[in-house]
Amino acid sequence: MLKGFKNFLMRGDVIVVAMGLIVALAFSTLIKAFTDFVINPIIARAQGSHSAGLGWQLGQAGNKATYLDIGSFISAVIYFIIFMAVVYFLIVVPYKHFSARRGVVVFEAPGPVKTCPACLCEDLPAAATKCRHCGSEQPPSAGASQP
């Protein structure tokens, strides 16, 4: 049982995913600091000098529970965009390149699909001659070549 667990953990894909997660978490901390200490003050300054930030007080003045903080939401959106760009360009793109060198295609768009006229499933490959769900014969698609 332990040998199977060890084999599972030592597979290349699990190691790659774990390393990607560790790098993503490290970049998350860096980007969070950037948005907290650079972006947030810029957004807060857009409201004016006498405000707690970019937003509106909906209840009693000074009550943070009733402050609608638009600046924090904008900062979170900027954080998300930067984080996803970092993950894509520093983890996904190199992984795609590495996988392509091994002959494995990852993160590619799926090929063209068609709808089965019998069961109406919409995930059949365009070149399919039989439905994988109901087993009915499929008419040739418009782009498929006839033998």
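1. A friendly place to start is the aromatic residues: the structure holds two aromatic pairs. In one of them, the ring centres of Tyr79 and Phe83 are 6.0 Å apart and the planes meet at 10°, so this pair is stacked. Please keep in mind throughout that this is a predicted model.

2. Why are Tyr79 and Phe83 separated by about one helical turn? They sit four residues apart in helix α3, which accounts for that spacing. Tyr79 and Phe83 are both buried.

3. The other pair is Tyr88 with Phe89. Here the ring centres lie 5.0 Å apart and the planes are at 80°, so the pair is edge-to-face. Tyr88 has a relative accessible area of 36%, so this residue is partly exposed. Phe89 reaches 55%, and because the cut-off for exposed is over 50%, Phe89 counts as exposed.

4. If you are wondering how such pairs get their labels, a pair of aromatic rings is described by the distance of the centres and the angle of the planes. For Tyr79 and Phe83, the 10° angle is under the 30 degrees needed for stacking. For Tyr88 and Phe89, the 80° angle is over the 60 degrees needed for edge-to-face.

5. Next, have a look at the surface. Which residues form a nonpolar patch there? They are Phe73, Ile74, Val77, Phe80, Ile81 and Met84, and together they have about 580 Å² of accessible area. Ile81, one of these residues, belongs to helix α3, which covers residues 70–101. With a relative accessible area of 53%, Ile81 is exposed.

6. Is Thr35 buried or exposed? Its relative accessible area is 1%, so Thr35 is buried. Setting aside neighbours within four places in sequence, Thr35 is in contact with Asn40, Ser75, Ile78 and Tyr79. Tyr79 is the residue whose ring stacks with that of Phe83.

7. Now for the overall layout. The protein has three helices and four strands, and along the sequence they follow the pattern α-α-β-β-α-β-β. Of the contacts with a separation of 6 or more, 27% are between residues 24 or more positions apart.

8. Last, the surface and burial totals. Of the 147 residues in the protein, 20% are buried. The accessible surface comes to about 11,100 Å², and carbon and sulfur atoms account for 69% of it.

Note on methods:
Residues are numbered from 1 along each chain as its sequence is written. This is a predicted model: local features need pLDDT of at least 70, side-chain atom pairs count only at pLDDT 80 or more; totals for chains, interfaces and linings use all residues. Side-chain values use heavy atoms; hydrogens and water are left out. Patches are made of residues with over 30% relative accessible area and no salt bridge: like charges are joined within 9 Å, nonpolar side chains (Val, Leu, Ile, Met, Phe, Trp, Tyr) within 5 Å. Accessible areas come from the Shrake-Rupley method with a 1.4 Å probe; for residues, only the protein chains shown count as cover. A salt bridge is a side-chain nitrogen of Lys or Arg within 4 Å of a carboxyl oxygen of Asp or Glu. Helices (H or I, at least four residues) and strands (E, at least two) are DSSP runs, numbered from the N terminus. Buried means under 20% relative accessible area, exposed over 50%, partly exposed in between (1.4 Å probe, protein chains only). Rings of Phe, Tyr and Trp (its six-membered ring) pair if their centres lie within 6.5 Å; planes under 30 degrees apart count as stacked, over 60 as edge-to-face and the rest as tilted. Contact means heavy atoms within 4.5 Å.
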